[in-house]
Amino acid sequence: MSEATKKRVAVLISGRGSNMASLIEAAKEPGYPAEIVVVGSNRPDAAGLEAAKEAGLQTFAIDHKEFGKDRAAFDSALSAELKKHDVELVVLAGFMRLLTPGFTEEWEGRLINIHPALLPSFPGLNTHARALETGVKLHGATVHFVTSEMDVGPIIMQGAVPVLDDDSEQTLAARVLEVEHQIYPEALALVAAKRTEINGMRVTIVGSDDLDDDLIAPTV
């Protein structure tokens with residue numbers, strides 16, 4: 001696939017950017033339908049910015065602290081910076097900011113996020129601890145389109161892991177993170193290749209193969 005036909009993608013981070021790294025690696029493949037053109041952060045000291053530079057990518061930082069409580073002003077500056085790079089798709093990879101409706105509406109259908117839980121279960125923070133406390137047998141990660149309501153947008157892809165009897169929050173989080181690194185590049189590829197169709201809260205994948213097997217945990 002030529003560079004001209006690939007979707008231009010921005011990855012937004014707030015920390016080390018482990019999901020960003022998996023996306024950068026996937027985008028190295030010649031046939032991958034997306035090109036990461038810039039990595040941005042709301043924290044100038046985010047470790048992932050240096051990793052992105054080492055990968056040869058352009059970066060930017062817009063310090064949210066300079067905007068005080070004016071979230072709309074920050075989001076306006078962020079959107080303007082994305083447009084400078086001719087960005088077509090925006091990927092949130094540990095971007096710890098609540099985006100305003102103005103921003104999510106402007107980028108509607110072109111803005112995706114990954115959440116460490118099987119939405120609609122456990123939106124928000126501390127998902128692994130809450131999964132253990134609730135006693136669910138399956139946990140995982142969700143890639144979804146972003147809307148003005150937090151962790152509620154149409155679901156593109158999910159990956160599940162079993163919750164083991166001896167799991168701690170740390171061991172469960174590590175296993176979910178492996179799933180995140182698998183499904184995020186795959187989900188971005190689907191969106192970039194225009195294989196996703198949104199109908200209300202449902203996302204249909206064009207040309208997908210339905211799974212015949214049930215996901216059951218624990219097995220006995």
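Which residue forms a salt bridge with Glu25? I looked this up and found Lys28, with the closest N and O atoms 3.2 Å apart. My criterion for a salt bridge is a side-chain nitrogen of Lys or Arg within 4 Å of a carboxyl oxygen of Asp or Glu.

**Ground rules.** I am working on a predicted model, where local features need pLDDT of at least 70 and side-chain atom pairs count only at pLDDT 80 or more, while totals for chains, interfaces and linings use all residues. Residues are numbered from 1 along each chain as its sequence is written, and side-chain values use heavy atoms, with hydrogens and water left out.

**Salt bridges.** I searched the whole structure and got 5 salt bridges. For exposure I take buried as under 20% relative accessible area, exposed as over 50% and partly exposed as in between, using a 1.4 Å probe and protein chains only. In the pair I opened with, Glu25 is partly exposed because its relative accessibility is 47%. Lys28 is exposed, at 57%.

Next I looked at Lys84, which bridges to Glu81 with the closest N and O atoms 3.6 Å apart. About one helical turn separates them, because they sit 3 residues apart in helix H3 (residues 71-84). Helices here are DSSP runs of H or I with at least four residues, numbered from the N terminus. Lys84 is exposed at 64%, and Glu81 is buried at 17%.

I then noted Asp167 and Arg175, whose side chains meet in a salt bridge at 2.5 Å, N to O. Asp167 counts as buried, with 13% relative accessibility. Arg175 is partly exposed at 22%.

**Cores.** Which residues touch the most other members of the largest nonpolar core? I noted Val11, Val39, Ile112, Ile156 and Leu188, out of 44 residues in that core. Helix H6 (residues 169-192) gives the largest share, 11 residues. There is also a second, separate core of 18 residues, with Phe74, Leu82, Val87 and Trp107 among them. I define a nonpolar core as a set of buried Ala, Val, Leu, Ile, Met, Phe, Trp, Tyr and Cys residues joined through side-chain atoms within 4.5 Å.

I followed up on Ile156, taking contact as heavy atoms within 4.5 Å. Leaving aside neighbours within four places in sequence, the contacts of Ile156 include Ile112, Val143, Phe145, Ala187 and Val191.

**H5 against H6.** How do the axes of these two helices lie? Helix H5 (residues 127-134) and H6 have axes that come within 9 Å and cross at roughly 115°. The axes are lines fitted to C-alpha atoms over the stretch in contact, with angles running from 0 to 180 degrees between N-to-C directions. From H5, the contact is made by His128, Ala129, Ala131 and Leu132, and from H6 by Glu169, Leu172, Ala173 and Val176.

I found Pro185 in helix H6, and Pro185 is buried, at 9% relative accessibility. Leaving aside neighbours within four places in sequence, I see Pro185 in contact with Ser22, Leu23, Ala26, Tyr32 and Glu180. I also checked Pro185 against Glu149: they are 36 residues apart in sequence and 24 Å apart in space, C-alpha to C-alpha.

My last stop was Ser18, which is in helix H1 (residues 18-27). Ser18 is buried, with a relative accessible area of 18%. With neighbours within four places in sequence left aside, Ser18 is in contact with Leu177 and His181.
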